Amino acid sequence: MKTNVTDLALLVLRLGFGGFMLTHGIPKIETLSNAAEFPDPFGIGGLASLILCLIGEVLAPIFIIVGFKTKWAALPAAVTMIVAAFVVHANDNIGSKEHALLYLIAFIAIFLAGPGKLSVDRMKP
């Protein structure tokens with residue numbers, strides 16, 4: 001019984017945080033036409049920074065939601081949140097960093113715990 005509840009909790013974690021992350025990432029797709037204006041915290045160019053951000057905020061969360069390559073997908077999502085909290089919002093107060101930090105904690109938990117049985121990763125052939 002406990003295993004079923006744990007698997008359900010992991011599904012809720014994946015759906016909740018992956019789904020809400022999409023609300024931050026999907027609007028950024030529209031900025032592809034104006035990528036030069038996207039923040040470039042590492043000096044690699046606005047387009048490259050935007051593409052990396054879209055990987056962490058759109059592609060990785062989709063993988064997390066369905067539970068496909070979940071641990072691998074949690075890594076770019078977590079790295080994106082590290083950059084958001086500690087680079088982009090480095091000089092901001094904790095309130096401005098809070099969302100990124102909460103997502104970071106969730107993606108670390110997903111990476112450590114894995115997707116659970118209710119995922120593509122754990123489907124039996």
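Leucine 101 touches Ala85, Phe86 and Ile94, leaving out residues up to four places away in sequence, where contact means heavy atoms within 4.5 Å. Leucine 101 lies in helix H4; helices here are DSSP runs (H or I, at least four residues), strands are E runs of at least two, and both are numbered from the N terminus. The C-alpha atom of leucine 101 is 7.6 Å from that of isoleucine 82, although 19 residues separate the two along the chain.

Before going further, a word on what you are looking at. This is a predicted model, in which local features need pLDDT of at least 70 and side-chain atom pairs count only at pLDDT 80 or more, while totals for chains, interfaces and linings use all residues. Residues are numbered from 1 along each chain as its sequence is written, and side-chain values use heavy atoms, with hydrogens and water left out.

Let us stay with helix H4 and move to leucine 102, which also has its place there. Leucine 102 is partly exposed, with a relative accessible area of 43%; buried means under 20%, exposed over 50%, and partly exposed in between, using a 1.4 Å probe and protein chains only.

Now for the aromatic rings. A search of the whole structure finds 3 aromatic pairs. For a pair, the ring centres of Phe, Tyr or Trp (its six-membered ring) must lie within 6.5 Å; planes under 30 degrees apart count as stacked, over 60 as edge-to-face, and the rest as tilted. Phenylalanine 17 and tyrosine 103 make an edge-to-face pair, at 5.8 Å centre to centre and with 85° between the planes. This pair links distant parts of the chain, since phenylalanine 17 belongs to helix H1 (residues 2–29) and tyrosine 103 to helix H4 (residues 94–113), 86 residues apart. Phenylalanine 17 is partly exposed at 28% relative accessible area, whereas tyrosine 103 is buried at 8%.

Tyrosine 103 has another aromatic partner: with phenylalanine 107 it forms a stacked pair, 6.2 Å centre to centre and 20° between the planes. Both residues lie in helix H4, 4 residues apart, or about one turn of the helix. Tyrosine 103 and phenylalanine 107 are both buried. Put together, Phe17, Tyr103 and Phe107 form one aromatic cluster.

Further along helix H4 you will find phenylalanine 111. Phenylalanine 111 is partly exposed, with a relative accessible area of 32%. The charged end of lysine 71 sits over its ring, 5.4 Å from the centre; this description applies if NZ of Lys or CZ of Arg is within 6 Å of the ring centre and within 35 degrees of the ring normal. Not counting residues up to four places away in sequence, phenylalanine 111 touches Lys71, Ala74 and Leu75. The C-alpha atoms of phenylalanine 111 and alanine 78 are 9.0 Å apart, with 33 residues of sequence separation.

Next, turn to helices H2 (residues 46–66) and H3 (residues 70–88), whose axes come within 8 Å and cross at roughly 145°. Axes are lines fitted to C-alpha atoms, for helices over the stretch in contact, and angles run from 0 to 180 degrees between N-to-C directions. The contact involves residues of H2 including Leu52, Gly56 and Phe63, and residues of H3 including Thr70, Pro76 and Met81. By class, the contact residues divide into 11 nonpolar, 3 polar and 1 charged; Ala, Val, Leu, Ile, Met, Phe, Trp, Tyr, Cys and Pro count as nonpolar, Asp, Glu, Lys and Arg as charged, and the others, Gly among them, as polar.

The loop between H2 and H3 deserves a look too. Phenylalanine 68 lies in this loop and is partly exposed at 36% relative accessibility. Leaving aside neighbours within four places in sequence, phenylalanine 68 is in contact with Phe63, Ala73, Val120 and Asp121. Lysine 69 is found in the loop between H2 and H3 as well, and is partly exposed at 45%. Its phi is near 50°, a positive value in a residue other than glycine. Most residues other than glycine have a negative phi.

Finally, serine 119 sits in the segment after H4. Serine 119 is buried, with a relative accessible area of 7%, and touches Arg14, Val66 and Gly67, not counting residues up to four places away in sequence.
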